[in-house]
Amino acid sequence: MLSRAAAVAAKDLRLSLAGAQGPAQTVLLGLILIFIFSLSRDPGELFPPLSAAAVFWLATAFGQVLVFNTLYSLEEGGCRDGLLLSPAPVQAVWLGKAAAGMALLLACQAVFAPAVVAFLGQRPAGSLVSGLVFILAADWGIVALGSLLGAISAGRGARESLLTVVLFPLLTPLLLAAIRLTEGVLSGEPADTGLWLGMALAFDAVFTAAALALFPSLYSGED
């Protein structure tokens, strides 16, 4: 299944980057959000680390919606049937799109992070390696759930809003954990790192298992 998933991810990344419209929109939306929040502080004033972390993950969450709407729109016009008729298990489609979404999201976050430092006046005092680990842990849960729910709106223009409506309430525990972990990296004063990291990893495990079980029926269901 891993080789099939890698093929799906490579195909999606190639098509997404060829047009560049999806990634560009995601980066632009995130930068606009960060810039708008930066206007709420006076010149030279430091944004609270907790608020800066919340802005970073808010930009990430909204960006993720655009990423998976773009990835699942690649199979419009009956192309999805080709994936369903391939010898690969249907779960390979979910895993491939999750991997492609992870790569695109990390690329966008590589732009968001410096923007948060520059526009929100942050001076990270914690370990950047720990910060990267926390981001990866949170990102996997985000893309696992996004890739699962993206199947609901795949090829269904009238139901694209479902991805946003259903996604954000389910993401709330993970976003809370990610914000608190990122706050610790920005402030240099981590609080209950084990608790919040454990919550993020538990979220990852639950929705990875749910995706593996539910994705075949969601993706291969009737329009």
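Me: Why does Val166 count as partly exposed?
Reply: Buried means under 20% relative accessible area, exposed means over 50%, and partly exposed lies in between (1.4 Å probe, protein chains only). Val166 has 30% relative accessibility, so Val166 counts as partly exposed. One caution on the source. This is a predicted model, where local features need pLDDT of at least 70, side-chain atom pairs count only at pLDDT 80 or more, and totals for chains, interfaces and linings use all residues. Residues are numbered from 1 along each chain as its sequence is written, and side-chain values use heavy atoms, with hydrogens and water left out.

Me: How much of the chain do buried residues make up?
Reply: Of the 223 residues in the chain, 45% are buried.

Me: How many helices and strands does the chain have?
Reply: Helices (H or I, at least four residues) and strands (E, at least two) are DSSP runs, numbered from the N terminus. This chain has eight helices and zero strands. Read from the N terminus, the order is α-α-α-α-α-α-α-α. Val166, for one, sits in helix H7.

Me: Which residues does UniProt list as "transmembrane region"?
Reply: UniProt positions are in the numbering used here, feature names are shortened, and annotations may be inferred rather than shown by experiment. The unreviewed UniProt entry lists residues 20–40, 52–74, 94–120, 132–155, 161–182 and 194–215. Take two of these spans in the model. Residues 52–74 are 96% helix and 0% strand, with end C-alpha atoms 34 Å apart. Residues 94–120 are also 96% helix and 0% strand, and their end C-alpha atoms lie 36 Å apart.

Me: What is the volume of the largest pocket?
Reply: Picture a 1 Å grid over the protein atoms alone. A pocket is an open set of points on this 1 Å grid, where a 1.4 Å probe fits, with protein on both sides within 12 Å along at least five of seven lines; if the probe cannot get out, the set is a cavity, and lining residues have an atom within 4 Å of a point. Points are joined across faces, edges and corners, and the volume is the space filled by probe spheres set on them. Here the largest pocket has a volume of about 370 Å³.

Me: Which residues lie nearest the centre of the largest pocket?
Reply: Phe56, Ala113, Leu128, Ile135 and Thr182, out of 17 lining residues. Helices H3 (49–73), H5 (91–119), H6 (128–153) and H7 (161–187) each supply at least two residues of this lining. H5 gives the most, with six.

Me: How do the lining residues divide into nonpolar, polar and charged?
Reply: Ala, Val, Leu, Ile, Met, Phe, Trp, Tyr, Cys and Pro count as nonpolar; Asp, Glu, Lys and Arg count as charged; the others, Gly among them, count as polar. The lining of the largest pocket has 14 nonpolar residues, three polar and no charged.

Me: How many aromatic pairs are there?
Reply: Rings of Phe, Tyr and Trp (its six-membered ring) pair if their centres lie within 6.5 Å; planes under 30 degrees apart are stacked, over 60 edge-to-face, and the rest tilted. The count is five aromatic pairs. One of them is Phe35 with Phe119, edge-to-face, at 5.9 Å centre to centre and 80 degrees between the planes. That pair links distant parts of the chain, with Phe35 in helix H2 (residues 21–38) and Phe119 in helix H5, 84 residues apart. Phe35 is partly exposed at 42%, and Phe119 is partly exposed at 35%.

Me: Why is the pair of Trp94 and Trp140 edge-to-face?
Reply: Their ring centres are 6.0 Å apart and their planes stand at 75 degrees, so the pair is edge-to-face. Trp94 lies in H5 and Trp140 in H6, so the pair ties together parts 46 residues apart in sequence. Trp94 is buried at 2%, while Trp140 is partly exposed at 22%.

Me: What lies over the face of Tyr72?
Reply: A charge sits over a ring if NZ of Lys or CZ of Arg is within 6 Å of the ring centre and within 35 degrees of the ring normal. Lys97 lies over the face of Tyr72, 5.0 Å from the ring centre.

Me: Is Gly150 buried or exposed?
Reply: Gly150 is buried, at 0% relative accessibility. Gly150 belongs to helix H6. Its C-alpha is 8.5 Å from that of Val65, 85 residues away along the chain. Ser73, in helix H3, has its C-alpha 9.5 Å from that of Gly150, at 77 residues along the chain. Ser73 is partly exposed, at 29%.
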